[in-house]
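Biologist: I am new to this structure and would like to go through it with you step by step. Could we begin with how the chains meet and then turn to the sheet?

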Protein chains: 2
Amino acid sequence: MEKEGKTQLIIIGGGEDKRADKKILKEVVYLSGKDRANMLVVTTATSYPLEVGEEYRRIFYDLGVNRVDTINIASRKEANQKQIIRSLKDIDCVFFVGGDQLRISSILGGTEFHHYIQDKLEEGLIIAGTSAGASMMSEVMVVEGDEEDAPRKCTVKMAPGMGFLKGVIIDQHFNQRGRIGRLLGAVAQNPYTLGIGIDEDTAIIVNKENQIRVIGSGVITIVDGKNIGFTNISEQYPDEPLAITNVNVHILPTGYKFNLINRRASIIEEETKDIEEDRK
Amino acid sequence: MEKEGKTQLIIIGGGEDKRADKKILKEVVYLSGKDRANMLVVTTATSYPLEVGEEYRRIFYDLGVNRVDTINIASRKEANQKQIIRSLKDIDCVFFVGGDQLRISSILGGTEFHHYIQDKLEEGLIIAGTSAGASMMSEVMVVEGDEEDAPRKCTVKMAPGMGFLKGVIIDQHFNQRGRIGRLLGAVAQNPYTLGIGIDEDTAIIVNKENQIRVIGSGVITIVDGKNIGFTNISEQYPDEPLAITNVNVHILPTGYKFNLINRRASIIEEETKDIEEDRK
């Protein structure tokens with residue numbers, strides 16, 4: 001593996017392999033410190049915290065970490081308790097399981113727990129999440145929206161996310177659930193925001209320098225609206241189909257990286273060379 | 001309705017409304033000459049030629065056309081018979097029903113029937129088709145490919161289509177079946193080709209000047225690969241996920257048109273004004 005900036009976020013599109021070679025979860029363990037890693041699994045998003053927590057605990061121990069704690073913060077009161085913060089003291093990676101992203105944001109948003117892990121990102125903590133635990137990473141998150149339908153203007157419901165990753169909207173289970181329409185609708189609402197759709201068993205690793213790299217068996221779909229020529233998103237008739245021109249789309253599998261600042265893709269093996277030629 | 005060039009093709013993404021206001025089929029009838037229109041419904045693609053033919057016959061008569069013939073050409077021998085050509089003499093619109101696009105191309109491709117209707121396009125014949133009858137319109141057609149999965153390199157199977165529309169690959173049932181991945185894979189193989197994904201109950205009307213306009217309740221998705229910076233499509237490992245950068249995507253609902261020559265979208269009501277600003 002080549003050198004890369006310090007990992008801050010690991011954002012998994014859901015459905016990561018938990019039985020065969022566990023490539024993504026292995027990478028989570030590797031980046032968290034391998035046999036020295038202390039993991040905290042947060043089961044707030046799921047309706048089955050015991051089962052899901054136990055499954056990840058077993059997998060992470062199998063993968064050779066030092067310690068796995070699981071925690072099911074189920075109320076804002078709990079999320080503000082001092083003992084919660086104490087439990088985070090020597091944690092290398094906080095891992096958010098899937099479920100409902102609104103549970104994560106509504107229970108944890110703005111609490112001591114939220115502020116603490118956000119502050120610790122700068123000091124080397126890794127925040128990882130899968131499915132709902134991926135969606136909540138951005139400042140604005142997709143809550144729900146029509147799948148496998150023509151993109152319509154107002155069918156994407158969004159809410160404030162946890163804000164660990166700025167300027168980006170994440171969507172997960174992406175190609176598997178036909179979500180390109182809703183991500184286009186989300187990006188059309190503010191083309192400054194970059195849309196990133198992550199497939200199942202696929203993840204992006206975000207480092208301190210705002211570089212992301214792709215791992216896993218699927219692809220990520222990047223929707224860049226900065227050149228949008230026209231969209232009807234702000235006009236009347238909220239339920240009519242979306243019009244949008246000149247959206248720049250990139251499809252990137254494992255082995256590729258993307259710079260969130262200059263919005264350019266490159267191959268990891270040839271780090272210094274941009275794969276895209278300069279466009280005038 | 002504004003003036004527009006002579007209609008040559010009406011390409012429907014499948015699932016057009018046949019019960020309520022029948023907007024698309026009404027437009028087919030309108031463009032074919034209303035109460036003077038003679039329609040020929042070709043049921044070659046379907047396994048249920050009697051039922052499907054009868055359904056369209058009833059609808060077109062209900063919509064007030066002069067005459068509807070149905071024909072189930074089931075062999076190349078039939079497609080070369082003189083009486084088939086005679087049956088076409090005073091037809092205004094040949095309408096291809098859905099089913100299997102390979103039945104259309106394998107039974108009709110290169111026959112007298114095929115050559116005759118292609119020649120008649122120049123003289124004002126309209127060729128319309130839905131679903132498989134849409135796919136077969138282009139020179140290269142999508143036969144099958146993975147849906148709702150990460151785009152992979154070699155999972156799109158293509159075959160020579162009937163070639164009524166040049167330089168374009170059509171896909172249908174587009175957002176409803178999550179087909180963006182396979183269309184991207186098809187366009188990556190030759191970025192010169194323009195990909196057009198048409199939703200259900202949605203159609204494009206192609207005129208003699210290579211302008212298309214959109215009608216119906218969904219959208220069309222145009223995938224323009226001319227600025228593609230990089231793709232891994234030609235490399236080894238055929239089953240690996242696709243990488244592709246800088247694909248230009250447009251989403252257009254009813255009320256929009258697109259010029260296939262300069263590849264620019266505009267609003268129909270403001271025909272003379274491009275909605276996209278000139279990009280340097």
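Modeller: Buried area is the accessible area, taken with a 1.4 Å probe, that two parts lose on being put together, summed over both. Please keep in mind throughout that this is a predicted model.

Biologist: What is the area buried between chain B and chain A?

Modeller: The contact draws on 37 residues from chain B and 37 residues from chain A. Carbon and sulfur atoms give 55% of the buried area, and the area buried between the two chains comes to about 3,100 Å².

Biologist: Which three residues supply more than any other three of the area that chain B buries against chain A?

Modeller: The share in question is 18% of the area that chain B buries against chain A. The three residues that supply it are E148(B), N246(B) and I251(B).

Biologist: Which element gives the most to the side of chain B that touches chain A?

Modeller: Helix 8 (180–189), strand 13 (244–253) and strand 15 (264–267) of chain B each supply at least two residues of that side. Its residues divide into 19 nonpolar, 11 polar and seven charged. With 10 residues, the element that gives the most is strand 13 of chain B.

Biologist: Which residue in strand 13 of chain B is the bridge partner of I244(A)?

Modeller: Strand 13 of chain A, residues 244–253, is joined to strand 13 of chain B by five bridges, and the two run antiparallel. Within this pairing, the bridge partner of I244(A) is I251(B).

Biologist: Which strands of chain A stand at the edges of the open sheet?

Modeller: The nine strands of this open sheet in chain A follow the order 3-2-4-5-1-10-11-14-15, with mixed pairing. Each edge strand has a single partner strand, so one side of each is left without a neighbour in the sheet; these are strand 3 (67–71) and strand 15 (264–267) of chain A.

Biologist: Which residue in strand 11 of chain A is the bridge partner of I205(A)?

Modeller: Strand 10 (residues 202–207) and strand 11 (residues 211–216) of chain A pair in the antiparallel sense over five bridges. In strand 11 of chain A, the bridge partner of I205(A) is R213(A).

Key:
Residues numbered from 1 in each chain as written. Chains lettered and ligands numbered in written order. Predicted model: local features only at pLDDT ≥ 70, side-chain atom pairs only at ≥ 80, totals over all residues. Heavy atoms only, no water. Contact = heavy atoms within 4.5 Å. Helix = DSSP H or I, 4+ residues; strand = E, 2+ residues; numbered from the N terminus. Nonpolar A, V, L, I, M, F, W, Y, C, P; charged D, E, K, R; others polar. Pairing = 2+ DSSP bridges.
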